[in-house]
Amino acid sequence: VFYDKPFLKFERLLETYYAFAPKGIRSFIQAIPVWLKEKIFLRKQIYDGLAEVGDYEKGTFKLLFTEHHLSHAASAFYPSPFEEAVILTMDGVGEWATTSIALGQGKDIKMLREIHFPHSLGLLYSAFTYFLGFKVNSGEYKLMGLAPYGNPDSDRVSTFIDLIKDHLIAIFPNGSFQLNMDYFTFATGLRMIDDRKWEKLFGIEKRKPESKLEQIHCDIGIAIQKVTEEVVLLLAKHAKEISGSNKLCLAGGVALNCVANGKIINEKIFEEVFIQPAAGDAGGSLGSALSIYHQYFDWERKVQLPDSMFGSLLGPSYSDKEIELMMRRKEAVGKKTDNFKNLCKEVAALINNGNIIGWMQGRMEYGPRALGARSILADPRKPDMQKKLNLNIKYRESFRPFAPAVLEEKAKELFKINQMSPYMLQVHAVNEAIRNQLPDGYSALPLREKLYYQRSSLPSITHIDFSARVQTVNEKQNPKFYHLIKAFDELSGCPVLINTSFNVRGEPIVCSPEDAFNCFMQTEMDYLVIGNYIFDKRDQIEFDQQEKKRKFTLD
């Protein structure tokens, strides 16, 4: 099964070009040959790909295609702990749908409402991602992280919000919306927007990638974030109104907007909310498979608690033998600890002493978040840790925040959290008890001055607006990560670790032991832990230097 209907997409492409003609002729000339050569014959491509994997008899199975938004909806509802729920899907675009509301009951999903292309909340957010100098389809989370640096109380932000609502998007009381396509070119062009019209509207030039971020960029960022949250909340309320359900499932790329998710939960519109951890298109494969299983084959569904995603730890794992083979190939210097609890105590002590740890355990996470299986870990109490991680480990923009992984049973002591967040998909405020008093005029300070001000007793996970993208960790879903945080709490009295993905900027999260070791050696991480094996950077450097001397002597 494939998570799209290619012929419906092709129909949308042709109808869109026809509707906007003669605009978009250059884009049309580029797109149509690709479709005719590859995308429209996707069935053949899939069969050819299967043949490369192994022998099979083509006549023994059917190749099926589900609609894109059904795939998203299924990916959220079927693994959820709900027998019945309303499902809100928001993304860029599927075949035609950009936003949909569906009702899930048992093993059935019924579509209730849809908003169609080109009117898309996901594409609106991506347009601002582009205008502020980030890469579309991968930089949206940077925009979400930048937004809190905007001054929410300023007249400029209010003006930007009014400009967005007056010129770019019309929002209706039920959450439906329309984009003003005079300002957008994504329907037929090679860019997201009409640069000149946006520059005139906001009074600044489009930001060049990697150029300096100014306060005005932050203010535009918070303006579109606020507008997005407004639309999402209206859609959630309408979803409840037309379905009568007290349970909500979220999917689609917009469901990765953790700030908006937190707002839905804190508004208490629903009794419970479940968000698919692979909410973007990565979750489409899962959703299409589950949809076929339950709706095409009519097989029954069994609801599991807390959900059936198994903590999203669904990827590959590696044995001790595979780790040792990597050590031989890479001449890696490490030691094995047979007792995992002792390993946790040792690593907790290293973190407590200010060390940064690469941590690889068990099966890899499915989705965009590192959840303690392929993570870089550090002490959130260290004031300089955010800067150190961004500049020396991740090699990325200094404004980017880091997430706290907290023991589930102690989450409410530190954060204003109404529902547990095992998949790091909710942003919540830090409790007043651990906040520091801000100086007068703090909101109006330049970005750099605000960035390194110590805002709480956990400064490296407290964002500029006293928020944090929280991951709650429990023993059932994530036992190894839980025991490490528990060991750190017992040693330090702090039940929180910084948890960021085990990769550097521009690279995917590490998967294999070799990936982990390569990333470890390319950055300024202090220690690497793979399974029960621990590697000390200093020992490795000393060994490599001795090997070079020995080789030079022999030569």
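The model is predicted, so local features need pLDDT of at least 70 and side-chain atom pairs count only at pLDDT 80 or more, while totals for chains, interfaces and linings use all residues. Residues are numbered from 1 along each chain as its sequence is written, and side-chain values use heavy atoms, with hydrogens and water left out.

**Exercise 1. The nonpolar core**

Task: Find which residues of the largest nonpolar core touch the most other members.

Solution. 
- Step 1: Start with the term. A nonpolar core is a set of buried Ala, Val, Leu, Ile, Met, Phe, Trp, Tyr and Cys residues joined through side-chain atoms within 4.5 Å. Buried means under 20% relative accessible area, exposed means over 50%, and partly exposed is in between (1.4 Å probe, protein chains only).
- Step 2: The largest such core has 96 residues, and F128, F184, W198 and F202 touch the most other members. Helix α9 (residues 215–243) gives the most to this core, with 13 residues. Helices (H or I, at least four residues) and strands (E, at least two) are DSSP runs, numbered from the N terminus.
- Step 3: Zoom in on F202. Leaving aside neighbours within four places in sequence, F202 is in contact (heavy atoms within 4.5 Å) with F128, F131, F160, L163, I164, L168 and I220.
- Step 4: Another core, of 61 residues, lies apart from this one and includes I351, M360, L377 and L414.

**Exercise 2. Salt bridges across the chain**

Task: Work out which parts of the chain are linked by R505 and E210, and which by E409 and K486.

Solution. 
- Step 1: R505 forms a salt bridge with E210, the closest N and O atoms being 2.7 Å apart.
- Step 2: R505 is in the loop between β14 (496–501) and α18 (513–522), and E210 is in the loop between α8 (195–202) and α9; the pair links distant parts of the chain, 295 residues apart. R505 is partly exposed at 33%, and E210 is exposed at 59%.
- Step 3: In the salt bridge between E409 and K486, the closest N and O atoms are 3.9 Å apart.
- Step 4: E409 lies in the loop between β11 (403–407) and α15 (411–414), and K486 lies in helix α17 (residues 479–492), so this pair ties together parts that are 77 residues apart in sequence. Both are partly exposed, E409 at 43% and K486 at 28%.

**Exercise 3. A lysine in a helix**

Task: Decide whether K394 is buried or exposed, and list its contacts.

Solution. 
- Step 1: Locate K394 in helix α14 (residues 385–394).
- Step 2: With 3% relative accessibility, K394 counts as buried.
- Step 3: Setting aside neighbours within four places in sequence, K394 is in contact with I376, L389, F402, T500, S501, N503, V504 and R505.

Technical notes. Salt bridge = Lys/Arg side-chain N within 4 Å of Asp/Glu carboxyl O.
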